[in-house]
Amino acid sequence: MRYLAMVMKSRFYHRLLAVNVDRISVQTEDFDVAECYSVLREAEGDGAIVTFTGIVRELAQEARLAGIELEHYPQMTHLALEKLVADARSRFTLGAVTIIHRVGKLAAHEQIVFVGVTSRHRQAAFDACQFLMDILKRDVPLWKKEWHEDGSGQWVAAKDSDKKAAAKW
Amino acid sequence: MITVKFFAQFRELLGTESLELAIGDGTTIADLRTLLASEISEFDSVVRPNEFLCALNHTLTDQHAVLSDGDEVAFLPPVTGG
């Protein structure tokens, strides 16, 4: 019993528990950053939170956008995000991890994606957040279409800079 | 039979989101791509060599993957989420 109590108090045990606090969602509805942040603050023993929020820009190549549409591969997207989080956990010592990605039609300034991680110290949290976004932009089956104010639509081309960002990991 | 799926600009340009077809033993995704390019005139210009990703049963893979009956293969344009 004494050994069990020691294990339960140990950081290792809390890390085991932390595996269960991944929060992954692919959804049409908006998310509340304050609520996401408050969940991350509950991570046991961690001293750093880093979050990223992506929003819809109102301009693309100088043209004003009416909004964007995000298509995905429903049977695969959640699985790809789960693999992404598992890869991040194998590289960095993390407490809580949250990834929320929206799909469907979004207007300018709407929120697209939230990534948040906790760790004991800031460097792992910064690096893990960057890793998650860089690899998400290479490996998770989501595609943006930009809708212009004249009613025309155009699929966004993958950027070389994003490929390079993912390749550095 | 296998199921082949297309997404985003591939779906729009090919005019189909999925199709089913029979394949022979040992067929790889590269073989499947060659077969589809011979059957669908615009395929080669839409799913251009080295400008697509492929998934087998909802996991990213490469073109050497060997297919089995009941598999779901997807041809994916380079992704642009985030």
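1. A word on burial before we start: a residue is called buried when its relative accessible area is under 20%, exposed when it is over 50%, and partly exposed in between, using a 1.4 Å probe and protein chains only. By that rule Glu72(B) is buried, at 14% relative accessibility.

2. Some housekeeping on what you are looking at. This is a predicted model, in which local features need pLDDT of at least 70 and side-chain atom pairs count only at pLDDT 80 or more, while totals for chains, interfaces and linings use all residues. Residues are numbered from 1 along each chain as its sequence is written, chains are lettered from A and ligands numbered from 1 in the order in which they are written, and side-chain values use heavy atoms, with hydrogens and water left out.

3. Let's take the interface next. In contact terms (heavy atoms within 4.5 Å), 26 residues of chain A meet 20 residues of chain B. The buried area, meaning the accessible area (1.4 Å probe) that two parts lose on being put together, summed over both, is about 1900 Å² for this pair of chains, and carbon and sulfur atoms give 58% of that. Val79(B), Thr80(B) and Gly82(B) supply 35% of the area that chain B buries against chain A, more than any other three residues.

4. The polar side of the interface deserves a look too. There are 12 residue pairs in polar contact across it, both residues at pLDDT 80 or more. A polar contact here is a pair of N or O atoms within 3.5 Å; within protein, one must be able to donate a hydrogen and the other to accept it, and residues adjacent in sequence count only if both atoms are side-chain atoms. On chain B, α1 (8-14), β3 (53-56), β4 (59-61) and β5 (72-76) each supply at least two residues of the side that touches chain A, and α1(B) gives the most, with 4 residues. Helices (H or I, at least four residues) and strands (E, at least two) are DSSP runs, numbered from the N terminus. The residues of this side of chain B divide into 10 nonpolar, 6 polar and 4 charged.

5. Which salt bridges cross between the chains? The rule, a side-chain nitrogen of Lys or Arg within 4 Å of a carboxyl oxygen of Asp or Glu, finds 2 across the interface. Glu71(A) pairs with Arg11(B) at 2.3 Å, N to O. Lys145(A) pairs with Glu12(B) at 2.6 Å, N to O; Lys145(A) lies in strand β8 of chain A and Glu12(B) in helix α1 of chain B, so the pair joins two chains. Lys145(A) is buried at 9% relative accessibility, whereas Glu12(B) is partly exposed at 39%.

6. Over all chains the structure holds 14 salt bridges. One of them links Glu72(B) and Lys5(B), at 3.9 Å, N to O. Glu72(B) lies in strand β5 of chain B and Lys5(B) in strand β1 (residues 2-6), so this pair ties together parts that are 67 residues apart in sequence. Lys5(B) is buried, at 16% relative accessibility. Elsewhere, salt bridges that share partners join Asp30(A), Arg102(A) and Glu110(A) into one network.

7. Asp160(A) is exposed, at 52% relative accessibility.

8. Please check Glu146(A), in strand β8 (residues 142-148) of chain A. Glu146(A) is buried yet has no salt bridge, and the nearest side chain of opposite charge, Arg57(A), is 5.1 Å away. (Lys and Arg count as positive and Asp and Glu as negative; His and the chain ends are not counted.) Leaving aside residues up to four places away in sequence, Glu146(A) touches several residues, including Ala60(A), Leu65(A), Ile68(A) and Val156(A).

9. Two histidines are worth a glance at the backbone. His109(A) has a phi near 75°, a positive value in a residue other than glycine. His109(A) sits in the loop between β6 (104-107) and β7 (111-119) of chain A and is exposed, at 51% relative accessibility. For His58(B), phi is also near 75°; His58(B) lies in the loop between β3 and β4 of chain B and is partly exposed, at 22%.

Conventions. Nonpolar A, V, L, I, M, F, W, Y, C, P; charged D, E, K, R; others polar.
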